[in-house]
Amino acid sequence: MIQTFHVKTSTQTEFVDITRSVQEAVKKTGIQDGICIVFIPHTTAAVTINENADPSVVQDMVMELNKIVPFQDPYRHMEGNSPAHIKASLLGCSQMVFIESRKLVLGTWQGIFFCEFDGPRDRKVHVKVITNGR
Ligand code: ZN
């Protein structure tokens, strides 16, 4: 079974810490041990795992992503959101985390971030836990 929760973003580019929501989704499955896959079903958003202790880390990530993929360039995609599509593919639409005793196995400073590149929007996050039986 797939667990789905929503993320409402409020700006164009935004990293939202979804660690707690993913953890809750994992608990709902009742699965003790396995592998959790977080999947973003969108083409202009992504998911990444990085430091959630110092908020300036994700601010720096956004600043540098905006340099790598500028907002203004002779993009062909008529919708006008090519930078968002490119950033989404650079970061990727899924992440995998081990589950032990119903808990996400993350490093001390790690958090899971929903990465909005074409907000504000109402977004979905899918979570699936795969187990070999427990
Ligand atoms: Zn587009």
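## A buried aspartate

Asp 118 counts as buried because its relative accessibility is 17%; buried means under 20% relative accessible area, exposed over 50%, and partly exposed in between (1.4 Å probe, protein chains only). This is a predicted model: local features need pLDDT of at least 70, side-chain atom pairs count only at pLDDT 80 or more, and totals for chains, interfaces and linings use all residues. Residues are numbered from 1 along each chain as its sequence is written, and side-chain values use heavy atoms, without hydrogens and water.

Asp 118 sits in the loop between β7 (110-116) and β8 (122-130). Helices (H or I, at least four residues) and strands (E, at least two) are DSSP runs, numbered from the N terminus. Leaving out residues up to four places away in sequence, Asp 118 touches Gln 12, Thr 44, Asn 81, Ala 84 and Arg 123. Contact means heavy atoms within 4.5 Å.

## Helix α3

Helix α3 covers residues 82-91. Its buried residues are Ser 82, Pro 83, Ala 84, Lys 87, Ala 88 and Leu 91. An α-helix has 3.6 residues a turn, so residues three or four places apart point the same way.

What covers these buried residues? The cover includes β2 (14-17), β4 (45-51), α2 (56-68), β5 and β7. Just after α3, Gly 92 takes a positive phi of about 95 degrees.

## An exposed phenylalanine

Phe 98 belongs to strand β5 (residues 94-100). Phe 98 counts as exposed because its relative accessibility is 53%.
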